[in-house]
Each structure stands twice: as C-alpha cells, then as structure tokens.
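Hi everyone, thanks for coming along. I'd like to walk you through one structure today, so please have the picture open while I talk.

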Amino acid sequence: MKIIILNVIVITFFMAACSPKNVTKMVDSSKPDPFIEQLISKMTLDEKLGQMTLYTTDWESTGPTIRGGYQDDIKTGRCGALFNSHTVDFTTRLQKIAVEETRLKIPLLFGYDVIHGYKTMFPIPMGEAASWDLQAIERSAYIMSKEAAASGLHWTFAPMVDISREPRWGRVMEGAGEDTYLGSRIAEARVRGIQGDGFGKSDRLLACVKHFAAYGAPIAGRDYNSVEISERVFRETYLPTYEAAIKAGAKTVMTSFNDYDGVPATGSKYLLTEILRNEWGFDGFVVTDYTSINEMVNHGVAKDQTDAGIMAVNAGVDMDMQSAAFQEKIKIGITDGRIKMEKIDASVRSILRLKKELGLFENPYKFSDKVRESNTIMTKEHLDASKDMAKKSVVLLKNTGVLPLAKKPMKIFVTGPLADDKNNLIGAWSASGEGRHCVSLYEGLRQHPASGNYTFEHVKGCEIEGTDKSQFNIVLEKARASDIIIVAIGEHKDLSGEAASKTMIRIPGVQEDLLKALKATGKPIITIIMNGRPLILNEVEMNSDAILEAWWLGTQAGTALADIVYGDYNPSGKLPMSFPRHEGQIPIYYNHKNTGRPLNPTDKYTTKYIDAPNTPLYSFGYGLSYTTFTYSTPMTNKSSFSDADQVTISVNVSNTGNFDGEEVVQLYIRDLVASVTRPVKELKAFKKLMIKKGETKKVEFVLSKNDFEFYDQKW
Ligand code: NOJ
C-alpha cells in the first residue's frame with residue numbers, strides 16, 4: 001500500500017492544535033564508539049548474553065518470578081539490567097556488586113514501571129489524556145522521572161502508547177484512549193517529559209515505548225489475547241503512536257505479548273526489523289515484555305525456549321525480560337550458526353551505548369544520591385503540579401446547574417465507597433506511590449477555604465464490590481437531612497490495569513443501588529466516578545444531577561476535586577475514549593466508517609441495533625464546562641489547494657456563559673469521496689485555550705499534505 005492524499009474534504013470543529021515536535025537530541029549511532037568497541041572485544045559470550053538479560057529483583061514482581069539468584073548473576077556478569085529495583089540504598093548495593101565484583105565492571109541499568117508518578121502520583125494516563133493539555137502531560141512525565149531518577153532509577157517502562165477501542169481491556173487506564181492523533185501527540189509529550197533533550201541528566205530517565213505492537217487491540221478485549229486487524233487499520237490506527245514516540249527520541253521499545261498476523265510480536269522480524277529499524281530508523285534497543293520469549297512456545301511458533309530465544313534475537317530483540325532464554329539457551333544457536341555473532345554484538349552495542357550515554361561508565365552511582373533523593377521526592381512543587389494535572393483531567397459529563405456549589409450555607413452529605421478512600425486514588429501501576437499520602441475527596445472538601453459555608457456528614461454507604469446494603473438506612477436518613485448529596489463510586493484500583501479485563505464494564509457491587517436509593521430522596525445528587533476505564537453509566541446518568549468523571553486522580557485527588565466542586569476551577573477535560581451504552585456495542589469509537597447503509601432510523605435495513613442506539617452514551621471528545629462556548633462557521637483561507645499548499649482553517653470561539661473557562665477546540669476532517677472508505681470524522685488538530693466570559697477568540701489551524709494522507713488500495 002502507498003500513502004495517498006485526499007482531495008475532497010469536509011472540515012468540522014468540535015472544539016484543539018499540535019505542539020512543536022521537540023525531538024530529543026540523538027547521539028550518532030552510526031559511528032563506532034571506540035570505548036564500546038574495545039569493551040565488546042574483551043567480552044566473553046556469557047558476558048554479552050548477560051548484557052542482553054533483564055531480571056526482576058525479589059522486591060516486587062508483575063508476573064511469575066521464574067528465577068531467583070539474580071545477585072549471583074550480577075556477580076558473574078550474566079545479568080546486565082534489573083527492574084523493580086529502586087531507592088538509592090537498594091540500587092547502590094546492587095550496583096556495587098556490578099562495578100566492584102565483576103570482571104569487566106560494567107554498570108547495571110535499573111528499570112521500573114514508573115507510569116504516572118513515582119512517589120507523587122499523578123492521574124492515571126487515561127485521566128491525563130482527558131486534559132488534552134500536552135504541556136501539563138509533559139510536566140507530569142518530567143516530575144515522575146525526576147523523582148525516580150533521584151531514587152536510583154535509569155529507565156522507565158513508559159510511555160504506553162497502545163491505542164485501544166476496547167474498554168473491556170483493563171489496560172486502557174494506562175494509555176491515551178482511542179484516537180491516533182491525540183495518542184501520538186501525547187506519546188511525544190511523554191517521551192519529551194521522560195527523556196528531556198538528551199540523556200545523562202540526573203533528572204531524566206530513559207523512556208521505553210510499549211507495547212509494540214497493537215497490544216491495545218486484543219480480540220474481545222481479553223488481555224494477552226491475539227490481535228486480528230487488517231494491515232490498513234494496523235498502519236493507520238495502531239502504528240502511528242509508536243512511530244511518534246520514536247521520532248520524539250525514545251531509545252527503547254518493549255515488544256507486546258500478542259501476535260499480529262500470526263506472528264508473536266517478540267518473534268516478528270516484520271515488526272522489530274522491517275518497520276521499527278528499516279522504516280523508522282530506530283537505533284536504540286528492543287526489550288521483550290515479561291517472559292514473552294518463552295510464551296512463543298505457547299503461541300505455538302517455537303518448540304522450546306531455545307527455539308523461541310533464537311527466533312527473538314533474529315527478529316530484532318536485544319534484551320530478554322525475565323525469560324532467561326538469552327542467558328541460558330541461545331548459545332547453541334550461535335555455535336550452530338542459526339544466530340550470527342554480529343547480531344549479538346549489535347544488541348550488546350546498543351545496550352552499552354545507552355549505558356554510556358546515561359553517564360554510567362563515568363559514574364555508576366550517578367542516579368544514587370541520598371541527598372537528592374530526599375530533596376526531590378514529593379516536594380511542594382510536585383504536589384502542586386499533581387493537583388493542577390488532576391483538575392485538568394476531570395471531565396464534567398452532566399450538569400443540570402447544581403455545580404459549582406452555590407456559596408451559601410448548606411448541609412452536604414458525602415457518601416459512596418470512594419468518598420473517603422485514599423488507597424485507590426493512586427490507581428493501578430502506581431510504582432512507589434502510597435495511598436496514605438493521598439487527599440481523599442472528603443478531606444479535600446473539608447480542607448478547602450470555601451468549606452466554611454457548609455456543614456458535612458459522611459457515611460461510606462457500601463463497599464466497592466459485594467452485596468452488603470446494611471448501611472443504606474443510615475445513608476438515607478442522613479441524605480434526607482441534607483441539602484445536597486455528593487456520592488463517590490467506581491472501581492478499586494485492581495479492577496482496571498494489567499490482567500483486569502472484564503465482560504461487564506459496570507460499576508460493581510451495590511453502588512448503583514446506593515445511587516438509586518439516594519435519588520428517591522429527591523435531593524440534588526453530584527456523582528463523582530473514580531475508575532480506570534470507560535464504564536456503562538446509564539444508571540448514573542439517570543440518577544444524578546451532575547456527574548464528574550474523575551478517574552484515579554493521584555495524590556491530590558481530593559484537593560483538585562474540591563476546587564471543581566466549589567467552582568475555583570472550571571472543568572475542561574474531554575473524554576479520550578467513548579463510553580458505551582452497552583457492552584454489546586463494543587468496539588465503539590468515534591472515527592468509524594459510514595458503511596453502505598448508514599443509519600436511518602426509519603429504514604430497517606440500515607446499520608443499527610434493534611435494541612439500542614448506535615451512539616455511545618458519551619463520545620470521544622465530549623466534556624462540559626460551567627460555561628458555554630459557541631463557534632462561528634469555520635473558514636479556510638482558499639477554496640482549492642494543491643499538494644504544496646497549506647490549509648489555514650480559522651474559527652471564532654465565544655464564551656457565552658457566566659464563567660471563565662478553557663475550551664478544547666477540536667478540528668476534524670472527512671474525505672467525502674476517496675479511493676478507499678474513510679472514517680466519518682478524523683481528529684487532525686486541537687488547541688486548548690482559556691476564554692474569559694464574554695470574550696471571543698480566533699483559533700487558527702494549519703494543515704498540510706501529510707495531515708490528509710492515507711493508504712490507498714494494495715492492488
Ligand atoms: C508486564 C507489562 O505488560 C509491562 O507493561 C511491564 O512493563 C512489565 N510487565 C514489567 O513490569
């Protein structure tokens with residue numbers, strides 16, 4: 001397939017534009033580095049395979065620990081990188097073994113899943129994506145990296161850039177949602193935040209783009225399942241975010257567990273060599289996901305671990321996470337010629353180069369400084385940034401006018417299992433984060449300066465899961481005696497994340513029953529949802545006067561939500577993923593095709609369900625504000641364009657309500673007549689801006705040829 005450009009377009013606004021592509025400076029990897037070459041020339045095969053081996057420590061693990069004894073492996077030079085190893089004390093102890101007790105004194109590389117915060121927790125990535133605020137996202141990625149780098153770490157397994165149209169898949173919490181354009185810009189922002197403009201700074205980490213590729217498209221939303229998508233969808237929807245992250249300078253890539261077109265990603269030469277290195281020019285190193293080499297035996301493409309290891313190396317894997325196949329099994333492949341020694345040397349070279357660029361050969365303890373560790377973690381600046389990000393991540397889904405709260409004396413009843421919860425606020429993939437540092441919603445509401453207007457009552461009401469309704473009577477008594485009810489319901493942090501796929505994406509337990517019972521009191525209800533994935537919110541919609549989608553907001557959740565509830569901050573988030581009405585609609589996403597029989601409610605034989613609407617309850621890009629915005633008709637600078645032209649599109653956006661507010665101006669295109677079927681809507685730019693009440697701002701976007709490109713027919 002080749003890329004072609006559309007020529008008949010419709011441009012629509014929904015509400016914002018790309019940030020400058022600030023590419024990380026790269027060292028010229030095409031030139032041999034004499035230091036590295038000399039080192040490689042001294043290495044035994046075992047030592048080389050050791051550099052290509054990554055093990056977890058026994059501190060924690062996110063999968064089966066099939067191997068202990070990693071300290072002996074370090075000593076013998078048979079393990080060059082460790083993960084789940086952090087803090088200055090721990091990393092110093094391990095690094096000492098590598099640089100004092102091994103023959104070649106090659107320093108270890110320490111990795112960890114620092115996904116949305118190290119100690120200061122930020123909203124989960126899906127929440128941050130809802131901010132559509134690239135600068136704020138870059139700043140959180142920077143702060144999490146700064147804290148982690150002060151605690152002995154060199155490398156984070158982030159950003160996860162898997163586009164997903166599958167809310168059943170628990171890992172959507174870790175991504176940027178369903179849209180490739182938004183996902184790509186966020187991928188770049190995260191890489192910039194993690195790596196900065198070059199390596200070796202003690203406040204930055206090495207990024208790892210994951211999971212390559214299409215891990216977000218498991219059949220039926222079941223984690224680790226196979227992927228079956230066309231090459232067009234693969235290239236247009238799923239691949240661009242990885243490419244964007246790599247072009248932004250990410251130097252490591254993690255393979256995914258799934259197969260694509262019949263080949264497990266970890267053994268796919270097409271993915272790891274053809275696309276990654278040959279098409280995109282990637283010159284860093286590829287690490288597998290956890291034991292995914294061994295899993296190629298289960299996939300049924302390798303007869304044993306040796307076979308799988310050989311396949312992985314030849315496909316383009318440089319580092320084996322946790323399979324022990326490189327360290328223990330693949331030597332035979334080198335002896336019998338199935339693996340070329342140059343291939344091994346090339347992998348070792350890329351790994352050693354990055355260790356060198358990080359400055360570890362100069363000072364192996366560069367990231368292990370006790371004073372910096374204690375001065376850096378959870379500073380006021382970091383907590384403030386977390387609060388700011390949390391506010392920006394919240395999406396107002398419904399408001400009959402009850403929010404923000406009137407500033408007059410009122411009795412507020414706060415209930416729901418998440419109303420005074422701290423532990424779940426850090427969300428899944430919370431690295432070193434601790435719930436005890438979080439501000440709960442109830443705490444936030446009472447600590448806020450505006451709280452003086454109100455009196456508060458709190459009863460938990462029920463658990464997140466389970467059937468116990470024994471507190472409902474007391475809840476109703478308190479509710480009836482109040483002027484307004486704030487209820488916080490949703491998921492606990494293990495209900496989304498890895499290995500947390502679900503067939504029913506409902507609010508669990510008796511939480512909806514609690515809401516319905518509260519509704520019967522006739523009091524106004526503000527519902528705050530805390531969760532990791534799109535949920536079915538029909539009942540919530542019917543039984544609430546206002547709904548705030550608050551994800552898992554991190555350390556400052558309560559203070560951020562209080563600002564929103566009391567009106568100090570006007571919500572500006574927009575959904576990065578559609579919220580279905582029913583699981584039967586999945587996969588449901590905004591940029592679907594028109595089909596030959598587009599929906600016509602009065603014609604039976606058009607594409608629709610007979611028991612539910614086609615539309616989601618809340619679509620991608622949706623989110624309300626305390627104010628209202630109106631748009632003028634968008635204009636282009638000319639009416640026809642050549643390939644070399646740029647298209648300038650402008651629109652006037654007016655704040656016609658009573659609050660100052662930020663709007664996310666979103667630019668979509670549609671190709672009405674193309675050589676292949678195209679989506680009914682495609683996001684191509686967005687811009688988030690503050691518009692004061694009564695003010696009008698002109699918003700301009702410039703699109704060029706590549707914004708209109710797509711793949712043509714193969715034959
Ligand atoms: C498995 C997960 O899929 C991956 O994202 C993570 O980085 C590794 N485990 C290491 O924890």
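I'll go from the domains to the cores, and then to a few helices and one loop.

Before anything else, please keep in mind that this is a predicted model.

Let's start with the overall layout. The chain is split into domain 1, made of 2-12 + 619-708, then domain 2, which is 34-373, and domain 3, which is 394-576. How far apart are the C-alpha centres of domain 1 and domain 2? They lie 36 Å apart. Where these two domains touch, domain 1 gives 11 residues and domain 2 gives 11 residues.

Now for the inside. The largest nonpolar core contains 186 residues. Within that core, the residues with the most contacts are Trp155, Phe212, Leu518, Ile528, Met530 and Leu537. Domain 2 (34-373) and domain 3 (394-576) each supply at least three residues to this core. There is also a second, separate core of 35 residues, and Ala385, Val665, Leu667 and Leu703 are among its members. As general background, nonpolar side chains in soluble globular proteins tend to be buried together.

Let's zoom in on Leu537. Setting aside neighbours within four places in sequence, which residues is Leu537 in contact with? The partners are Leu397, Ile507, Ile529, Phe579, Leu617 and Tyr618.

Next, a pair of helices. Helix H6, residues 134-149, packs against helix H7, residues 180-195, at an angle of about 35°, and their axes are 7 Å apart. The crossing of H6 past H7 is right-handed. On the H6 side you'll find Leu134, Ile137, Glu138, Ala141, Tyr142, Met144 and Ser145, and they meet Arg185, Ile186, Ala189, Arg190, Arg192, Gly193 and Ile194 of H7. Sorted by class, that contact has 8 nonpolar, 2 polar and 4 charged residues.

Helix H9, residues 269-279, is my next stop. Its buried residues are Leu271, Leu272, Thr273, Ile275 and Leu276. What covers the buried residues of H9? The cover includes strands E7 (208-212), E8 (252-255) and E11 (285-287), together with helices H8 (231-247) and H11 (305-315). After H9 comes Gly281, with a positive phi near 70°.

Last, a loop. Gly522 sits between helix H19 (511-519) and strand E17 (525-530). Why does Gly522 count as exposed? Because its relative accessibility is 64%, and exposed means over 50%. Finally, Gly522 and Tyr605 are 83 residues apart along the chain, and 43 Å separates their C-alpha atoms.

That's my tour, and I'm happy to take questions.

Definitions and conventions: Residues are numbered from 1 along each chain as its sequence is written. This is a predicted model: local features need pLDDT of at least 70, side-chain atom pairs count only at pLDDT 80 or more; totals for chains, interfaces and linings use all residues. Side-chain values use heavy atoms; hydrogens and water are left out. Axes are lines fitted to C-alpha atoms, for helices over the stretch in contact, and angles run from 0 to 180 degrees between N-to-C directions. Helices (H or I, at least four residues) and strands (E, at least two) are DSSP runs, numbered from the N terminus. A crossing is left-handed if the near helix is turned anticlockwise from the far one by less than a right angle, and right-handed if clockwise. Contact means heavy atoms within 4.5 Å. Ala, Val, Leu, Ile, Met, Phe, Trp, Tyr, Cys and Pro count as nonpolar, Asp, Glu, Lys and Arg as charged, and the others, Gly among them, as polar. A nonpolar core is a set of buried Ala, Val, Leu, Ile, Met, Phe, Trp, Tyr and Cys residues joined through side-chain atoms within 4.5 Å. Buried means under 20% relative accessible area, exposed over 50%, partly exposed in between (1.4 Å probe, protein chains only). Domain bounds come from an automatic or database domain assignment.
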